[in-house]
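Please open the model in your viewer and keep the selection panel at hand. The stops below are arranged so that each selection leads to the next.

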Amino acid sequence: LIHSANTFGALLFCFIAVSTTYIFGTLLTANGNLKRLNWLALGGVILNIGLNLYLIPTYGAFGAAIASLITQTATVVGQVILAYSLLDIKTPKQDLIATISFILLLLTTYFMFNNYLNIAWFYEFLLLGITGAVLAFITKMIDLRGIFLMLKKD
């Protein structure tokens, strides 16, 4: 049970990379950068095959999940770099700092909960969700004023 929970946990983190890939992949496709996207995808395929050959014999399904996480993360980092360099996207430093802070705080919280709390996975998941929501407000990833302004306009 613990093995499958760890595997599922790694795959849940893949969701972040895959979701970001939808955004930046669509942006690059709309801009006509298919050749570069295909080269990036080929690199991801080669990386994934290599990681699977190395990790699966030792770690089984968990190794495959880690290979997927590494591959998806590498691919999305490549897409983000490509989009920023080709499309001259400007991100305010404050937004970048808030995003990085949110990610680091949430990952730290996850590892602390996972290593120091001895509670059922459901309660750990629920507690992490609540903590993530609180961190989203603290780091201003979610802006209450903006939400209230949107609600007032309707």
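**Stop 1: Thr 71**

Select Thr 71 and display its surroundings: beyond its neighbours within four places in sequence, Thr 71 is in contact with Gly 44, Leu 47, Asn 48 and Leu 51 (contact means heavy atoms within 4.5 Å). Thr 71 belongs to helix 3, residues 61–87; helices here are DSSP runs of H or I with at least four residues, numbered from the N terminus. Its relative accessible area is 7%, so Thr 71 is buried (buried means under 20% and exposed over 50%, with a 1.4 Å probe and protein chains only).

The model is predicted, and local features need pLDDT of at least 70, side-chain atom pairs pLDDT 80 or more, while totals for chains, interfaces and linings use all residues. Residues are numbered from 1 along each chain as its sequence is written, and side-chain values use heavy atoms, without hydrogens and water.

**Stop 2**

Move to Asp 88, in the loop between helix 3 and helix 4. Asp 88 is not a glycine, yet its phi is positive, about 50°. Most residues other than glycine have a negative phi. With a relative accessible area of 52%, Asp 88 is exposed.

**Stop 3: helix 5**

Select residues 121–138, which form helix 5. Its 18 residues should span 26 Å at 1.5 Å a residue, and the end C-alpha atoms, 25 Å apart, agree with this; the expected span is 1.5 Å times one less than the number of residues. Which residues of helix 5 are buried? They are Glu 124, Leu 128, Thr 131, Gly 132, Leu 135 and Ala 136. Viewed down the helix axis, the buried residues of helix 5 fall within an arc of 140°, so they line one face (the arc is that of the directions from the axis to the C-beta atoms). These buried residues pack against helix 4.

Helix 5 is followed by Lys 140, with a positive phi near 65°. Lys 140 lies in the loop between helix 5 and helix 6 (144–153) and is exposed, at 60% relative accessible area.

**Stop 4: the lining of the largest pocket**

Finally, select Leu 12, Phe 13, Ile 16, Leu 106 and Leu 107, which lie nearest the centre of the largest pocket among its 48 lining residues. A pocket is an open set of points on a 1 Å grid over the protein atoms alone, where a 1.4 Å probe fits, with protein on both sides within 12 Å along at least five of seven lines; lining residues have an atom within 4 Å of a point. Helix 1 gives the largest share of this lining, 16 residues.

How values were computed
Helices (H or I, at least four residues) and strands (E, at least two) are DSSP runs, numbered from the N terminus.
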